[in-house]
Amino acid sequence: MKTIVLNEEELHGVLGKNIESCVMALGFFDGLHLGHQEVIRQAKVEANKRNLPLAIMSFFPHPKTVLMKRSDFPYLMPLEEKKKRMSSLGVDLFYVVPFNHAFASLSPEVFVKQYLLTLGVKHAVAGFDFHYGNKGVGHMARLATDSGYQITTTSVSKLSRNGLKISSSYIRSCLQQGEVDLANALLGRPYQVKLQRNGSTYWVKPFYTLPALGEYEVNCQGDMHTVKVLSKEEVEWQSNKTLPKELSIHWLKKTDAKEQIS
Ligand SMILES: Cc1cc2nc3c(=O)[nH]c(=O)nc-3n(C[C@H](O)[C@H](O)[C@H](O)COP(=O)(O)O)c2cc1C
Ligand SMILES: Nc1ncnc2c1ncn2[C@@H]1O[C@H](COP(=O)(O)OP(=O)(O)OP(=O)(O)O)[C@@H](O)[C@H]1O
């Protein structure tokens, strides 16, 4: 999989080249949960049907950090992990567009023409609630029109669980409640976090979110352990062995009574 950070310069560079046609899935895709996996699965089917590569367009940082000025946004995974998972889902090209005020203010038509048509998109796939263009007024039902009927579309229906849309926000709220087992069910795998040793405890690495304070059973390289979340950033690891510099853990379940991060 090739990753391209698509700033203005890169885009203008692409304009001069003989760009290959593609099928593209669009969205932020934080966590790559079951809803995201379904969008990418359907996009892969469309790409295979046409014998075209599958591209993803994502954004960075998260639009809410720019539009709502949220500096403490609780990301579920860093870009590096998103890349690895995208690649294992059969994505050929991963475009990351820097999300800033200038980009956010593009009209839906200009976004579709300047970005999607320039990148050779023949078919676009996104969820029923994907929005694009200034104030988020663009949506899947008008993307074909915005492209002058050069792009066809697939709008993926809502994937729900317990009557609620599976979403990154839902997973963030599960983590905040310590409901890591429900977060795992929405992700389709145990939630993973990377930690870095800081003396006798561990700090969470950037772009991961810890669950609520308290004790949890976790899996670390196939072994079960108990850890204690001490704060939004800090984890205590109980072990008699020498502590490694870095740990990658998968959260399994909360083992004490619920406590919330205030
Ligand atoms: C060109 C462009 C401009 C956008 N402008 C706005 C905006 O002004 N206001 C807004 O709330 N969202 C805006 N969005 C963000 C979308 O609403 C949405 O958050 C983003 O495309 C990620 O999609 P997803 O959240 O469905 O993954 C824009 C998106 C694009 C692609
Ligand atoms: N449950 C779902 N069913 C169908 N499509 C979905 C679902 N969740 C997300 N999508 C689609 O996947 C793409 C990426 O979505 P996005 O990153 O906005 O996820 P989200 O989980 O809705 O995030 P958030 O909760 O932060 O709004 C978009 O095209 C979106 O419409």
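**Around ligand 2**

With four residues, α2 gives the most to the shell around ligand 2; helices here are DSSP runs of H or I with at least four residues, strands are E runs of at least two, and both are numbered from the N terminus. Keep in mind that this is a predicted model, where local features need pLDDT of at least 70, side-chain atom pairs count only at pLDDT 80 or more, and totals for chains, interfaces and linings use all residues. Residues are numbered from 1 along each chain as its sequence is written, while chains are lettered from A and ligands numbered from 1 in the order in which they are written.

The chain averages a pLDDT (the predictor's confidence in each residue, from 0 to 100) of 94, and 97% of the residues score at least 70. For the complex, the predictor gives an ipTM of 0.97 and a pTM of 0.95.

Back to the ligand: 21 residues surround ligand 2, and Gly-27, Gly-35, Ala-126, Gly-127 and Ser-169 are the closest. A residue counts as near if its C-beta atom, placed from the backbone, lies within 6 Å. At least two shell residues come from each of α2 (34-50), β5 (121-127) and α8 (168-176). By type, the shell splits into nine nonpolar, seven polar and five charged residues, with Gly counted as polar and Asp, Glu, Lys and Arg as charged.

So where does ligand 2 sit? It lies between domain 1 (2-161) and domain 2 (167-254), because both give residues to its shell; those bounds come from an automatic or database domain assignment.

Gly-27 turns up again elsewhere: among the 16 residues around ligand 1, Gly-27 is one of the nearest.
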